Amino acid sequence: MRQMTLQTAMPRRDPAPSRAAYRLHRLWLTPLFRATLRVGLPAFVIVFAIGLYFANPERRVAISSWAGNVRTSIEERPEFMVTAMKIEGASAEVANALRAMVPVQLPVSSFGLDLRALQTTLEGFDAVASAELQIRTGGLLHVTIRQRTPALVWRSRTSLELLDDNGHRVASIAERSARADLPLIAGDGADKAVPEALALLAAAGPLAPRVRGLVRTGARRWDLVLDHDQRILLPEMNPVPALERVIALDKAQDLLARAIVHVDMRIPHRPTVRLAPPPPPADPEALTEAKATIP
Amino acid sequence: MTDLYQAQRAMRNMRKAAMQRGVVAILDVGSSKIACLVLRFDGPERAAEVDGVGPMAGQSSFRVIGAATTRSRGVRFGEIDAMQETERAVRTAVQAAQKMANVRVDHVIACFAGARPRSYGLAGDVDLQDQVVTGQDVARVLAACEVPDLGAGRDVLHAQPVNFALDHRTGLGDPRGQMGNRLACDMHLLTVDTTVIQNLLYCIKRCDLELAGIASSAYVSGISSLVEDEQELGAACIDMGGGATGLSIFIKKHMIYADSVRMGGEQVTSDISKGLQMPLGDAEKLKARFGGVVATGMDDREMIEIGGQSGDWEKDRRTVSRAELIGIIRPRVEEILEEVRARLDAAGFEHLPSQQIVLTGGASQIPGLDGLAAKILGQRVRLGRPLRVQGLPQAATGAAFASAVGLCLFAAHPQDEWWDFEIPAERYPARSIRRALKWFKENW
């Protein structure tokens with residue numbers, strides 16, 4: 001005989017949800033409601049809490065000053081400080097002038113340095129063609145300057161200025177003799193035509209010892225002034241071939257050694273010369289005066 | 001008829017809306033358990049491109065994503081008996097299924113077993129207006145079916161056109177576009193008690209759900225348990241539930257008869273409870289663990305302690321032999337099967353070409369039932385289990401879930417019913433715009 005028992009375990013608990021629980025569960029399963037509650041509500045609470053905190057102006061000030069302090073303390077760490085400036089490639093007086101005019105008080109944090117603006121400032125100096133700035137290790141602000149080299153002296157109506165080969169002003173000088181090595185140009189608008197002037201001076205080769213300078217006339221053409229008050233009036237267009245022609249004439253016929261005041265090449269295919277008037281009786285005082293005006 | 005049309009069409013629209021949303025719940029309101037499945041529809045059917053896979057009739061277009069069962073309370077004989085209790089049970093099942101699916105369902109398709117279903121075979125014929133059968137002609141022939149007096153308080157649950165005949169040709173599935181002079185149709189009409197449907201409707205409405213379809217449990221378990229050739233050649237599905245035993249007869253893939261016997265597994269349980277003087281819960285367990293219908297010599301020697309909590313030693317130490325238990329179960333099962341036999345005879349089941357009988361439902365799991373049923377119902381009896389559908393949990397694949405699974409198939413691919421066809425133009429009100437359009441179509 002086999003004995004079998006019927007275990008009477010408690011039936012599985014399967015309680016019915018109340019109507020409210022059922023509806024709430026269904027509501028919770030609604031996607032929009034769920035998204036609102038899970039994302040929208042926390043986001044709202046966070047934003048609201050932050051807004052509530054910052055509604056008080058004292059707290060706003062406290063927070064901003066704290067943030068400012070943190071920022072300053074990081075910026076002013078010795079690793080980030082620039083303590084010295086080294087200028088390279090500039091002559092001593094230019095370097096001194098730059099130092100004096102750079103609007104930066106060293107030492108300064110490298111975060112506070114606007115290198116781009118500083119570069120613009122430096123390149124604003126007439127004597128500076130270009131400037132490169134680097135902050136190097138050890139807190140060194142390294143400035144590499146390429147200076148403009150003066151090519152001409154320009155006597156304008158008001159001052160005596162040095163120009164580079166592009167006609168850009170380099171510096172002013174007090175008197176012509178300070179840079180006697182440079183050729184002289186004069187006249188209004190002469191600085192606009194510096195390359196042409198340089199070409200003419202180069203072409204003047206054999207006449208070079210006699211050249212006093214170039215005069216811009218009417219801001220459009222050049223006069224080559226030689227000693228003995230001789231002038232070569234050059235045309236507006238293509239002055240260099242005209243000058244070469246004069247030089248050729250001089251070579252062939254010794255033109256400029258004669259008593260001629262002007263060689264007029266304004267019409268290039270028809271050179272014209274003006275003869276000097278018969279010489280007045282010699283007046284040594286006037287002669288010295290003239291020598292003083294034309295250095 | 002128009003009211004019915006509108007109610008059923010509203011349900012069909014609800015079903016379409018549910019399909020668009022992609023989630024629909026299946027609710028099997030049974031006497032012993034309430035099962036809820038949540039289906040997710042993933043758009044059109046992805047037919048497997050494998051040899052030997054025929055048309056799947058929508059079976060691969062959905063997936064079960066939630067399943068829950070709860071002990072039924074308040075349902076007797078497959079009908080709602082206590083509204084509040086049933087509502088709670090439905091809530092429990094729906095909530096658990098929703099929780100598993102993690103999705104909210106708003107539309108539910110329900111089935112029930114009871115409500116005294118009654119089958120009618122209707123026939124109607126019309127002369128065709130022009131030689132070609134159109135949708136309108138189908139509607140007209142359906143409307144021409146002579147509807148018998150259904151009786152007071154009866155409502156149509158299913159009205160499925162079963163067969164169309166065009167002149168002398170019969171057995172047409174879809175006559176549209178064919179040539180002929182006279183169109184006839186046979187229709188199977190299933191009516192149930194109105195109050196039962198209304199109770200169910202009310203109950204589901206109380207749960208904040210909307211009814212997207214309703215079906216007879218006998219019909220849907222036939223869909224899921226009968227294999228294709230059985231449905232084609234003629235078979236009866238007997239769904240032995242807790243409180244009612246449904247039976248449905250299929251031929252040519254259409255249900256032609258459905259009925260229910262108001263007896264089931266709960267009667268067996270109550271017999272055990274009465275006979276052995278023990279609580280119903282214990283009796284149910286006793287039936288499930290040691291039950292059977294064929295006693296052998298071994299069963300006389302198997303003694304079962306049935307116990308009890310009365311405090312009386314004599315009573316609490318009782319034992320019964322398994323043969324005694326079988327002696328209680330068997331007469332009741334025989335009675336149910338004989339009642340089923342009577343219904344089948346009344347329906348003329350013996351005239352079908354194939355007389356396959358498939359037993360399914362929770363009560364069909366009694367060991368030895370197929371042997372007993374073969375003696376009463378005929379030789380061709382087998383035990384049926386529902387079709388496998390995607391995502392169905394292992395716990396819900398048993399015979400007890402035949403109607404739930406069938407309802408899934410019904411939801412995915414419902415059969416065309418009367419209300420799925422066009423409304424015949426004659427039935428519209430006189431000033432209908434449709435009628436004016438029809439006049440335009442015919443005359444211009």
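The structure is a predicted model, in which local features need pLDDT of at least 70 and side-chain atom pairs count only at pLDDT 80 or more, while totals for chains, interfaces and linings use all residues. Residues are numbered from 1 along each chain as its sequence is written, and chains are lettered from A and ligands numbered from 1 in the order in which they are written.

Of the 444 residues in chain B, 44% are buried. Here a residue is buried if 20 or more other C-beta atoms lie within 10 Å of its own, exposed if 12 or fewer, and partly exposed in between, with C-beta atoms placed from the backbone. Among contacts in chain B between residues at least 6 apart in sequence, 71% join residues at least 24 apart, a contact being a pair of residues whose C-beta atoms, placed from the backbone, lie within 7 Å.

Five strands form it in the order E14-E13-E12-E17-E18, with mixed pairing; two strands pair if DSSP finds at least two bridges between them. Strand E14 (254–261) and strand E18 (381–383) of chain B stand at the edges with a single partner strand each, so one side of each is left without a neighbour in the sheet. On average, neighbouring strands of this sheet are turned by 20° against each other, direction ignored. For such angles, axes are lines fitted to C-alpha atoms, for helices over the stretch in contact, and angles run from 0 to 180 degrees between N-to-C directions.

Within the sheet, strand E13 (residues 245–251) of chain B has seven of its seven residues buried, so it is largely enclosed by the rest of the structure. Thr245(B), Leu247(B), Ile249(B) and Ile251(B) point one way from E13(B), and Gly246(B), Ser248(B) and Phe250(B) point the other way. Strand E12 (residues 235–240) of chain B runs antiparallel to E13(B), joined by six bridges, and Ala235(B) has Phe250(B) as its bridge partner. Four residues separate E12(B) and E13(B) in their hairpin. E13(B) also pairs with E14(B), in the antiparallel sense over seven bridges, and here Ile251(B) stands opposite His254(B). The hairpin of E13(B) and E14(B) has two residues between the strands, and in it Lys252(B) takes a positive phi near 50°. Elsewhere in the sheet, strand E17 (residues 356–360) of chain B and E18(B) pair in the parallel sense over three bridges, with Leu359(B) partnered by Leu383(B).

Not counting residues up to four places away in sequence, Ile26(B) touches residues including Cys36(B), Leu37(B) and Cys408(B).

Val333(B) sits in helix H11 (residues 322–347) of chain B and counts as buried because 27 C-beta neighbours lie inside 10 Å. Its C-alpha atom is separated by 7.9 Å from that of Val293(B), 40 residues apart along the chain.

The two chains meet where 17 residues of chain A are in contact with 24 residues of chain B. Strand E1 (2–5) and helix H1 (19–28) of chain A are the elements that give two or more residues to the side of chain A that touches chain B. Four bridges join E1(A) to strand E15 (residues 302–305) of chain B, and these strands run parallel; Thr5(A) has Glu305(B) as its bridge partner.
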